[in-house]
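Good morning, and thank you for making time for this presentation.

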Amino acid sequence: MIFQRLIWAALAAALLVGSVQSGVQQWQAVPIILAAEVYEGQKAEAPAAPVAVMPHAHVEGVAPAHEHEHGAAGEWAPADGAERIFWTWTANVLHAFSMALLVFAVMGVCLWRGTAAGSLPLGLLVAAAGWLSFHFWPSLGLHAEIPGMDAARLGSRQGWWVLAAGSAALACASLAGLRSPLRWAAATAWLALPFVVGAPHIGADPLAGFSGPAQAQLRELGAQFIWATTWVSLSFWASMGFVCGAAFQRWLRPVLAATFDGSRPRASAATAVNP
């Protein structure tokens, strides 16, 4: 019963949050991507760089607005227009479904530990931790990038992103779960770890293959893109907090509270027999 409620609540949250995210993406990020793609065909052969590079477009954060990989000729890609919008919405809903399951799991653990916070404040707090872990902290080292920019190897960037996201999540868990005064030092150490390791970057100009006017336009678009992805991520996690808080209160909290309360008297009885 709990599992069914969890799946249906996560699905409902995913449909709402994924739709909100898709709308904000179409409004904020997609026009910038399309504008950058106009210049992408003007790119000349880039000069040799100290490390291997690969041209790509990357929207940072737990909610990518658009992935534009230049694969082999003939590789399938959605056509511009309705098809592209549909598959972007599908990807956003699936991503929101996975994040909703994670948010509900964390809220359930908090309830099991005896939190007295209401479902809505608890949902917003967990969502804020998610935004910090999956967008803000990784994006401090690896900014969102527009089509045509060169970057370090994909595997290196993925590895550092996982390190930054995991470190930020452990910092949040340390502050929420530990009672020792050293929890602040532990959280600071976790947050510093990915920057001690260092984010992977290329030594050359990531727009070296473009002419001067094109570089100027792409740099302006790149700056706008960083803000656009920030708004997309904020809208995603804010709506996730509101929707998951409401869904948790409506479908999950009553049954979870009854389950947890039902287990506590047995623990008390055992303690009375064997103090």
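**The largest pocket and its surroundings**

Lining the largest pocket are 26 residues, and V106, A129, C172, A173 and A176 are the ones nearest its centre. The volume of the largest pocket is about 800 Å³. By class, its lining holds 20 nonpolar, four polar and two charged residues.

Let me state the terms. A pocket is found on a 1 Å grid over the protein atoms alone, as an open set of points where a 1.4 Å probe fits, with protein on both sides within 12 Å along at least five of seven lines; lining residues have an atom within 4 Å of a point. Its volume is the space filled by probe spheres set on the points, which are joined across faces, edges and corners. Ala, Val, Leu, Ile, Met, Phe, Trp, Tyr, Cys and Pro count as nonpolar, Asp, Glu, Lys and Arg as charged, and the others, including Gly, as polar. Helices (H or I, at least four residues) and strands (E, at least two) are DSSP runs numbered from the N terminus.

This is a predicted model, in which local features need pLDDT of at least 70 and side-chain atom pairs count only at pLDDT 80 or more, while totals for chains, interfaces and linings use all residues. Residues are numbered from 1 along each chain as its sequence is written, and side-chain values use heavy atoms, with hydrogens and water left out.

A238 is placed in helix α6, residues 212–273. Is A238 buried, partly exposed or exposed? Its relative accessible area is 37%, so A238 is partly exposed; buried means under 20%, exposed over 50%, and partly exposed in between, with a 1.4 Å probe and protein chains only.

Finally, the whole chain: it has six helices and two strands, in the order α-β-α-α-β-α-α-α. Of its 275 residues, 39% count as buried.
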